[in-house]
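Reader: I am new to this structure, and I would like to learn how to read its features. Could you show it to me and take me through it step by step?

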Amino acid sequence: MKMFDFWGKKKEKKHVIGSPVRGKAVPMSEVSDPTFAQEILGKGVAVIPEEGKIYAPADGSIGMVFETLHAISLTTPYGAEILIHVGLDTVKLNGQYFEGHVTPGDVVKKGDLLLTVDLDGVKAAGYDVITPMLICNTGDFAAVAAHTGEEVSEGDTVLTVEEK
């Protein structure tokens with residue numbers, strides 16, 4: 001161990017969060033639900049999914065898996081509380097078309113499979129499959145910036161958060 005290591009590397013204050021699903025990243029303002037569009041629950045990004053596999057967007061621990069499997073939360077090691085909400089009003093499906101692969105308390109790595117969803121089934125039932133992902137504790141960070149307007153694969157950067 002070097003004597004003056006504390007002068008070496010600075011703690012990283014900017015963190016990237018990947019897309020939870022393959023699709024097109026769009027601003028939250030394009031989500032037809034005002035709770036998401038107005039970022040009432042936190043700043044974030046939405047992805048119009050092309051496939052029904054939802055992956056961990058960052059390393060963290062699973063906080064909540066909704067009983068209806070339409071939404072899941074995880075907390076990163078730097079304290080970002082991420083909510084992934086698959087579709088709009090999909091809570092009304094009571095878990096139909098959804099399969100969970102994690103439980104609360106599980107520790108996940110970026111890219112781990114969290115949920116699978118039958119997107120065609122959800123659409124046929126009359127629901128929008130747009131998938132908002134937000135930082136519920138936005139106020140704890142200096143900045144939360146979305147990267148939108150392009151096709152993304154799972155894991156591609158869609159959010160950057162900066163610690164205060």
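Author: Gladly! Let us start with a term for how open a residue is: buried means under 20% relative accessible area, exposed means over 50%, and partly exposed is in between (1.4 Å probe, protein chains only). This is a predicted model, in which local features need pLDDT of at least 70 and side-chain atom pairs count only at pLDDT 80 or more, while totals for chains, interfaces and linings use all residues. Residues are numbered from 1 along each chain as its sequence is written, and side-chain values use heavy atoms, with hydrogens and water left out.

Reader: Is Arg22 buried, partly exposed or exposed?

Author: Arg22 has a relative accessibility of 30%, so this residue counts as partly exposed.

Reader: How many salt bridges are there?

Author: First the general idea: side chains of opposite charge can pair when their charged atoms come close. A salt bridge here is a side-chain nitrogen of Lys or Arg within 4 Å of a carboxyl oxygen of Asp or Glu. By this rule there are three.

Reader: Which salt bridge joins Arg22 and Glu50, and what does the pair tie together?

Author: Their side chains meet at 2.8 Å, N to O. Arg22 sits in the loop between β1 (14-18) and β2 (23-27), and Glu50 in the loop between β3 (43-49) and β4 (53-55), so the pair ties together parts that are 28 residues apart in sequence. Helices (H or I, at least four residues) and strands (E, at least two) are DSSP runs, numbered from the N terminus. Glu50 is partly exposed, at 43% relative accessibility.

Reader: What is the distance between the closest N and O atoms of Arg22 and Glu51?

Author: In that salt bridge they are 3.3 Å apart. Glu51 is in the loop between β3 and β4 and Arg22 in the loop between β1 and β2, so this pair links parts 29 residues apart in sequence. Glu51 is partly exposed too, with 21% relative accessibility. Arg22, Glu50 and Glu51 are thus linked in a network of salt bridges.

Reader: Which residue forms a salt bridge with Lys109?

Author: Asp59 does, with the closest N and O atoms 3.8 Å apart. Lys109 lies in the loop between β9 (107-108) and β10 (113-117), and Asp59 in the loop between β4 and β5 (60-65), so the pair ties together parts that are 50 residues apart in sequence. Lys109 counts as exposed at 52%, whereas Asp59 is partly exposed at 33%.

Reader: Now a histidine, please. Where is His85, and is this residue buried or exposed?

Author: His85 belongs to strand β7 (residues 81-85) and is buried, with a relative accessible area of 12%.

Reader: How far apart are Ala37 and Pro27 in sequence and in space?

Author: They are 10 residues apart in sequence and 8.3 Å apart in space, C-alpha to C-alpha. Ala37 is found in helix α1 (residues 34-37) and is partly exposed, at 23%.
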